[in-house]
Amino acid sequence: MEPALRSFLPDIFRLSRPSLLEACMCNDENGESKCPFLKHVQNLLNTFNFAWFIAGNVWVYRAHGTVQFTDAEGEDFCNKTVYLLAFWCITAAYIFLGAFCVIGCLLCICMTALS
């Protein structure tokens, strides 16, 4: 392996730890941002992602009972694969969120019982 490539590989893996946006911008050697503007950009992007997730919930779950997959000219038509992918991705996000909450509560109970 080329020496330049070998020294570059650890940096690639380091980029995924904090966030790609922070790593590409202005961080000091501790990984902390030297640019206060960057935190505002990141907060804006996070807010947009959260709003988009909520909007997707509304669109997908509102259409759940009325969506039809056969008549392409119909008002409630949606491609079955696309709809089911969106439905199960959103549902999986809630399943994982619930599982993490339950596991977190169980860990807190166990830690309290042990101490």
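Predicted model: local features only at pLDDT ≥ 70, side-chain atom pairs only at ≥ 80, totals over all residues.
Residues are numbered from 1 along each chain as its sequence is written, and side-chain values use heavy atoms, with hydrogens and water left out.

Back to Phe53, which sits in helix H3. Helices here are DSSP runs of H or I with at least four residues, strands are runs of E with at least two, and both are numbered from the N terminus. Which residues does Phe53 touch, leaving aside those up to four places away in sequence? They are Ile90, Ala93 and Tyr94, where contact means heavy atoms within 4.5 Å. Phe53 and Ile90 are 37 residues apart along the chain, and their C-alpha atoms are separated by 8.2 Å.

Now the chain as a whole. It has 4 helices and 0 strands, in the order α-α-α-α along the sequence. Of its 115 residues, 14% count as buried. Among contacts with a separation of 6 or more, 27% come from residues 24 or more positions apart.

H3 has 27 residues and should span 39 Å at 1.5 Å a residue; its end C-alpha atoms are 39 Å apart, which agrees. The expected span is 1.5 Å times one less than the number of residues. H4 has 35 residues and reaches 50 Å from its first C-alpha to its last, close to the expected 51 Å.

How do H3 and H4 pack? Their angle is about 125 degrees, and their axes are 10 Å apart. Axes are lines fitted to C-alpha atoms, for helices over the stretch in contact, with angles from 0 to 180 degrees between N-to-C directions. The two helices are therefore oblique to each other: under 35 degrees counts as roughly parallel, over 145 as roughly antiparallel, 65 to 115 as roughly perpendicular, and the rest as oblique. Their crossing is left-handed, so the near helix is turned anticlockwise from the far one by less than a right angle; clockwise would be right-handed.

At the meeting of the two, H3 brings Phe53, Gly56, Asn57, Val60 and Tyr61, and H4 brings residues including Tyr83, Phe87 and Ile90. The buried residues of H3 are Leu38, Gln42, Gly56, Asn57 and Val60. In H4, Tyr83, Phe87, Ile90 and Thr91 are buried, and H3 is part of what covers the buried residues of H4.

Last, the rings. The structure holds 7 aromatic pairs. Rings of Phe, Tyr and Trp (its six-membered ring) pair if their centres lie within 6.5 Å; planes under 30 degrees apart are stacked, over 60 edge-to-face, and the rest tilted. Phe69 and Tyr83 form a tilted pair, 6.0 Å centre to centre with 50 degrees between the planes. Phe69 lies in the loop between H3 and H4, and Tyr83 in H4, so the pair ties together parts 14 residues apart in sequence. Phe69 is partly exposed at 31%, while Tyr83 is buried at 6%. Tyr83 also forms a stacked pair with Phe87, at 6.3 Å and 25 degrees. Tyr83 and Phe87 both lie in H4, 4 residues apart, about one turn of the helix. Ring pairs link Tyr61, Phe69, Tyr83, Phe87 and Trp88 into a cluster.

Definitions and conventions. Buried < 20%, exposed > 50% of the residue type's maximum accessible area, 1.4 Å probe, protein only.
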